Amino acid sequence: MTGIGTAVTAGAAQRRALAWRGGFGRLWSAAVLSSFGDALRTAALPLLAASLTDRPLLIAAVTACGYLPWIVFGLLGGAVADRVDQRRAMWTVDAVRGLLVASFAVVVALGHASITLLVALAFTLTTLQTLFDNAATALLPALVDREALGGANARLLTGQKITGGLLGAPAVPVLIAAGAAVPFAADAATFLVAAALVGFLRTNAVERAPRPAGGTLRRDIAEGLRTLWHDRALRGLCASTALCNVGMGALIATLVVLVTGWLGAGSGGYAAAATAYTVGGLAGGVAHRWVTARTGALRAVLLAGTVQTGALVVMGTVRSLAALTVALAVFGFMGMLWNVNSTTLMQQRTPADLLGRVGSAFRTLAVAGAPLGALLGGAVATAWGPGTPALLTAVFFVLSVLSLIPVRTADVPVVAPDDGVTTAHTVR
């Protein structure tokens, strides 16, 4: 069949993105279902950690070990994702993760959980996620056309917000009341069902350039890093995201301490805070196209980081659950703009056969500072109180915004030009 790209209109591409029957529909269903389980586990782990110890640094260590594998294995996961059948890699990883979390649920039910075990689980699951996420990022452009990537990413992220935050996080206190192991058992079930959905996914073939004789994973990784470095817009966006994620590591690792300790709101308040963040994200998913059409993708990210800085200052200075929930809603709205536009830019400006490697390079460099941020957050909360990690995060967001300003003129339209950087996929 003929190549798809300029020959397909934007309207036809959007209709393809909305074709729930078939490839994109199955991927969307698997993603949102898995997000529901992830939300249960993500919310339950720090609560379980807080029940095992009252030391903020140990609680933060659980979060830090959830980021660390991206530094160790992220680039390798991207190189592997570009070499293997991405669909098969995704369902295999989900099946393994389902079995691991199911085993952990049994351990929790028997009363044998420990901080060491929580750290090991967080590290192992994220190690597997490095392959899954890189494969998923590379697979999406094979399911929808380039012009539809923005809408497809927005629908994926919005669906994940609905099930993960709006439904998943508020359900945690109810499930924990039924037993500490219940959220983890539910998470295991979602992994296994998502694996089945992805296993029956229908995908279009992606045209891959022949690999040179003697090609190694090291060379593949180097090629992905070079491609990222030579694109000014992606290079600047990656550096800016890396600074943000140092702060995000501090915020996420200590949010449970801020809500349950500083504000005294308990697990119910923690669920309310997570829900507010989700509601804001949903609104951002709806508004992203309108905002991006008026600002451009990179400028939308710049706007998001600026507003998020103000929200962080409120979180760290106003000792009120109501103020925190409003600030988190604003933070989530702008975070969705950031995530959709950064993901879409990366997919639009990367050759199809390099998506796994460039995506992994972007993620690895972007999250490299998050474990350090998590530990910094725990140390700062211990030394100066649970409100200070939010202010530390605000400082990193200011640095992030400042680093992005010089590359804002390198903006690209929602549909990337045929400039030799972007390569459309083909269907066979």
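The following dialogue examines how terms are applied to this predicted model.

Modeller: Residues are numbered from 1 along each chain as its sequence is written. In this predicted model, local features need pLDDT of at least 70, side-chain atom pairs count only at pLDDT 80 or more, and totals for chains, interfaces and linings use all residues, while side-chain values use heavy atoms, with hydrogens and water left out.

Biologist: What is the confidence of the chain, and where is it lowest and highest?

Modeller: pLDDT is the predictor's confidence in each residue, from 0 to 100. The chain averages 76, and 85% of the residues score at least 70. The lowest mean, 41, belongs to helix α1 (residues 10-17), and the highest, 89, to helix α15 (residues 388-404). Helices here are DSSP runs (H or I, at least four residues; strands are E, at least two), numbered from the N terminus. Over residues 1-18 the pLDDT is below 50, and this stretch has 32 contacts beyond near neighbours in sequence; a contact means heavy atoms within 4.5 Å.

Biologist: What makes Arg41 and Asp187 a salt bridge?

Modeller: A salt bridge requires a side-chain nitrogen of Lys or Arg within 4 Å of a carboxyl oxygen of Asp or Glu. The closest N and O atoms of Arg41 and Asp187 are 2.5 Å apart, so the pair qualifies. Arg41 lies in helix α2 (residues 23-52) and Asp187 in helix α7 (residues 182-199), 146 residues apart.

Biologist: How many salt bridges does the rule give, and how are Asp94 and Arg97 placed in helix α4?

Modeller: The count is two. Asp94 and Arg97 meet at 2.7 Å, N to O. They are three residues apart in helix α4 (residues 86-109), and therefore separated by about one helical turn. An α-helix has 3.6 residues a turn, so residues three or four places apart point the same way. Asp94 and Arg97 are both buried.

Biologist: Why is the pair of Phe104 and Phe184 called edge-to-face, and why is that of Phe331 and Phe397 called tilted?

Modeller: Rings of Phe, Tyr and Trp (its six-membered ring) pair if their centres lie within 6.5 Å; planes under 30 degrees apart count as stacked, over 60 as edge-to-face and the rest as tilted. The structure holds three aromatic pairs. For Phe104 and Phe184 the centres are 4.9 Å apart and the planes at 85°, so the pair is edge-to-face. Phe104 lies in helix α4 and Phe184 in helix α7, so the pair ties together parts 80 residues apart in sequence. The rings of Phe331 and Phe397 have centres 5.7 Å apart and planes at 50°, so this pair is tilted. Ring pairs also link Tyr277, Phe331 and Phe397 into a cluster.

Biologist: How do you know that the charge of Arg235 sits over the ring of Trp229, and why is Arg235 called partly exposed?

Modeller: The rule asks for NZ of Lys or CZ of Arg within 6 Å of the ring centre and within 35 degrees of the ring normal. The charged end of Arg235 sits over the ring of Trp229, 4.8 Å from its centre. Arg235 has a relative accessible area of 30%, so it counts as partly exposed. This residue lies in helix α9 (residues 232-262).

Biologist: How do you know that the span of helix α13 agrees with expectation?

Modeller: The expected span is 1.5 Å times one less than the number of residues. For the 13 residues of helix α13 (residues 355-367) this gives 18 Å, and the end C-alpha atoms are 18 Å apart, so the two agree. Of its 13 residues, 11 are buried.

Terms used
Buried means under 20% relative accessible area, exposed over 50%, partly exposed in between (1.4 Å probe, protein chains only).
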